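I opened this entry to record what I looked up in the model, topic by topic. The notes follow the order in which I checked things.

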Amino acid sequence: MDPDSLAKAFVEHYYTTFDNNRAGLASLYQDGSMLTFEGQKIQGSQNIVAKLTSLPFSQCHHSITTVDCQPSAATNGMLVFVSGNLQLAGEQHALKFSQMFHLLPTPQGSYYVLNDIFRLNYA
């Protein structure tokens with residue numbers, strides 16, 4: 001699979017899982033993974049999922065605007081940069097967000113998230 005197709009497939013899987021079953025994201029992270037969420041650094045799959053499942057909203061929908069990717073040659077990984085809109089249930093206006101993932105290959109032939117940086121974009 002070419003890098004752009006792989007990035008798009010990952011993004012679709014990630015946000016569909018986030019919107020429907022955040023706890024299901026655990027398999028995408030490992031103990032050495034790190035999430036920076038609005039400036040707060042969280043390490044380890046269990047801690048990352050605990051943060052994501054404790055966010056103060058139960059329902060949301062991500063609409064992706066752009067997906068950009070670059071190979072990370074030193075590790076055979078990939079950098080994926082996403083921008084889009086986050087619609088929270090009961091809210092009239094969507095929030096704009098940006099998120100960056102550094103994906104690394106697993107021995108099984110899939111990828112996991114080593115680094116994840118999320119920011120809301122305020123006007």
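**Entry 1: strand pairing**

The model is predicted, and I read every value below with that in mind. I began with strand 1 (residues 29–37) and strand 6 (residues 111–121), which run parallel and are joined by five bridges. Looking for the partner of Tyr29 in strand 6, I found Val113.

I then turned to the other pairing of strand 6 that I had marked. Strand 5 (residues 95–105) pairs with strand 6 in the antiparallel sense, over 10 bridges. Within strand 6, Ile117 is the bridge partner of Met100, and Asn121 stands opposite Lys96. The hairpin of strand 5 and strand 6 has five residues between the strands, and there Gly109 takes a positive phi near 100°.

In what order do the six strands of the open sheet lie? I read the order as 2-1-6-5-4-3, with mixed pairing. Strand 2 and strand 3 are the edge strands, each pairing on one side only. From one strand to the next, the twist averages 15°.

Next I checked which strands the helices touch. Helix 1 packs on the sheet and touches strand 1, strand 3, strand 4, strand 5 and strand 6. The direction of helix 1 makes about 150° with that of strand 3. Helix 2 also packs on the sheet, touching strand 1 and strand 2, and its direction makes about 40° with that of strand 1.

**Entry 2: aromatic pairs**

I looked up the aromatic pairs and found nine in the structure. One of them is Tyr15 with Phe97, a tilted pair at 5.7 Å centre to centre with 55° between the planes. Tyr15 lies in helix 1 (residues 3–20) and Phe97 in strand 5, so this pair ties together parts that are 82 residues apart in sequence. I checked burial for both residues. Tyr15 has a relative accessible area of 3%, so it counts as buried. Phe97 is buried too, at 0% relative accessibility.

The second pair I noted is Phe37 with Phe118. These rings are stacked, 4.8 Å centre to centre, with 5° between the planes. Phe37 sits in strand 1 and Phe118 in strand 6, 81 residues apart, and the pair links these distant parts of the chain. Phe37 counts as buried at 14% relative accessibility, and Phe118 is buried with a relative accessible area of 6%.

I also looked for a cluster. Phe10, Tyr14, Tyr15, Phe18, Phe37, Phe97, Phe101 and Phe118 form one aromatic cluster.

**Entry 3: the nonpolar core**

The largest nonpolar core has 30 residues. Which of its residues touch the most other members? They are Phe10, Tyr14, Phe18, Tyr29, Leu52, Val80 and Phe101. At least two core residues each come from helix 1, strand 1, helix 2 (45–53), strand 3 (60–72), strand 4 (77–88), strand 5 and strand 6. Helix 1 gives the largest share, seven residues.

I took Phe101 as a case to follow. Leaving out residues up to four places away in sequence, Phe101 touches Phe10, Tyr14, Tyr15, Met78, Leu79, Val80, Val82, Val113, Asn115 and Asp116.

**Entry 4: Ser72**

I placed Ser72 in strand 3. Is this residue buried or exposed? The relative accessible area of Ser72 is 14%, so I logged the residue as buried. The side chain of Ser72 makes a polar contact with the side chain of His102, at 3.2 Å. Not counting residues up to four places away in sequence, Ser72 touches Gly77, Met78 and His102.

**Entry 5: Glu38**

Most residues other than glycine have a negative phi. Glu38 lies in the loop between strand 1 and strand 2 (40–43). With a relative accessible area of 28%, Glu38 is partly exposed.

Note on methods. Residues numbered from 1 in each chain as written. Predicted model: local features only at pLDDT ≥ 70, side-chain atom pairs only at ≥ 80, totals over all residues. Heavy atoms only, no water. Pairing = 2+ DSSP bridges. Helix = DSSP H or I, 4+ residues; strand = E, 2+ residues; numbered from the N terminus. Phe/Tyr/Trp six-rings, centres within 6.5 Å; stacked < 30°, edge-to-face > 60°. Buried < 20%, exposed > 50% of the residue type's maximum accessible area, 1.4 Å probe, protein only. Core = buried A, V, L, I, M, F, W, Y, C linked by side-chain atoms within 4.5 Å. Contact = heavy atoms within 4.5 Å. Axes fitted to C-alpha atoms, helices over the stretch in contact; angles between N-to-C directions. Polar contact = N/O pair within 3.5 Å; in protein donor to acceptor, adjacent residues only side chain to side chain.
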